[in-house]
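Here is a short briefing on strand pairing and core packing. Please have the coordinates open as you read.

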Amino acid sequence: MGDCESIIRCSRCSLEQPFERIHGYYYVHDDEPDEWPIDTQDGWCAACGTVATLERLPTLYEIETWIADLEANGRDELDPVTGLMRTVALSIEKCRRRERWIAGRRSPPRCLACGSTDVAPAAEIDGFLHPGCGGRLSDLFTGVVSLRAHTARWTPEGNSLTSHPGPPPARGESDS
Ligand SMILES: [Zn+2]
Ligand SMILES: [Zn+2]
């Protein structure tokens, strides 16, 4: 428990939750050679009953903006990691594939810990109202950034191909 990133507390009830954001999740598509990193946001998961890392889906409008920006400002560049040319045309084609995925995606965003869609994204946890309680949550950064990998792979609909890690353990009386 000593290495969590944040402690979430409520101004009204006794909620005290260690919170460690989940990183390193990927979508696996049957017809895609690359795994796509899952974009995340903080929020509340009713199924976990805690603050959780949630899936964040790009909007079609957002993807159109990326494409417009590539068309206006993009330049073909050498990828320093792979040594291959990263062309504007290829980048736009990647955006188009994401667009097709979002257009066909049926499931709303999910909780990364449990897979539930009963979630409420929060622009910021600090000041977010604790659902069912009404108190304000505060997000106290502990100064620790965890580099622990939680790698998991999801289908394009957000179904986990591995088991979900589940909600974080509640802080008990005997916690040391
Ligand atoms: Zn509360
Ligand atoms: Zn959850």
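**Strands and core**

Three strands form an open sheet in the order E2-E1-E10, and their pairing is antiparallel. Strand E2 (16-19) and strand E10 (137-141) are the edge strands; each has a single partner, so one side of each lacks a neighbour in the sheet. From one strand to the next, the twist averages 25°. The model is a predicted one.

**Pairing of E1 and E2**
- Strand E1 (residues 6-10) runs antiparallel to E2, and four bridges join them.
- Ser6 has Phe19 in E2 as its bridge partner.

**Pairings of E5**
- E5 and E6 are antiparallel and are joined by six bridges.
- Gly43 has Ala52 in E6 as its bridge partner.
- Four residues lie between the strands in the hairpin of E5 and E6, where Gly49 takes a positive phi near 70°.
- E5 also runs antiparallel to strand E9 (residues 119-121), with three bridges between them.
- In E9, Pro121 stands opposite Gly43.

**Nonpolar core**
- The largest nonpolar core holds 19 residues.
- Cys45, Val51, Ala52, Cys111, Leu112 and Ala113 have the most contacts inside this core.
- At least two core residues come from each of strand E3 (25-27), strand E5 (40-45) and strand E6 (50-55).
- E6 gives the largest share, three residues.
- In soluble globular proteins, nonpolar side chains tend to be buried together.

**Contacts of Val51**
- Leaving out residues up to four places away in sequence, Val51 touches Ile8, Gln17, Phe19, Asp42, Trp44, Ile125 and Leu137.

Key
Residues are numbered from 1 along each chain as its sequence is written. Chains are lettered from A and ligands numbered from 1 in the order in which they are written. This is a predicted model: local features need pLDDT of at least 70, side-chain atom pairs count only at pLDDT 80 or more; totals for chains, interfaces and linings use all residues. Two strands pair if DSSP finds at least two bridges between them. Axes are lines fitted to C-alpha atoms, for helices over the stretch in contact, and angles run from 0 to 180 degrees between N-to-C directions. A nonpolar core is a set of buried Ala, Val, Leu, Ile, Met, Phe, Trp, Tyr and Cys residues joined through C-beta atoms within 7 Å. A residue is buried if 20 or more other C-beta atoms lie within 10 Å of its own, exposed if 12 or fewer, and partly exposed in between; C-beta atoms are placed from the backbone. Two residues are in contact if their C-beta atoms, placed from the backbone, lie within 7 Å.
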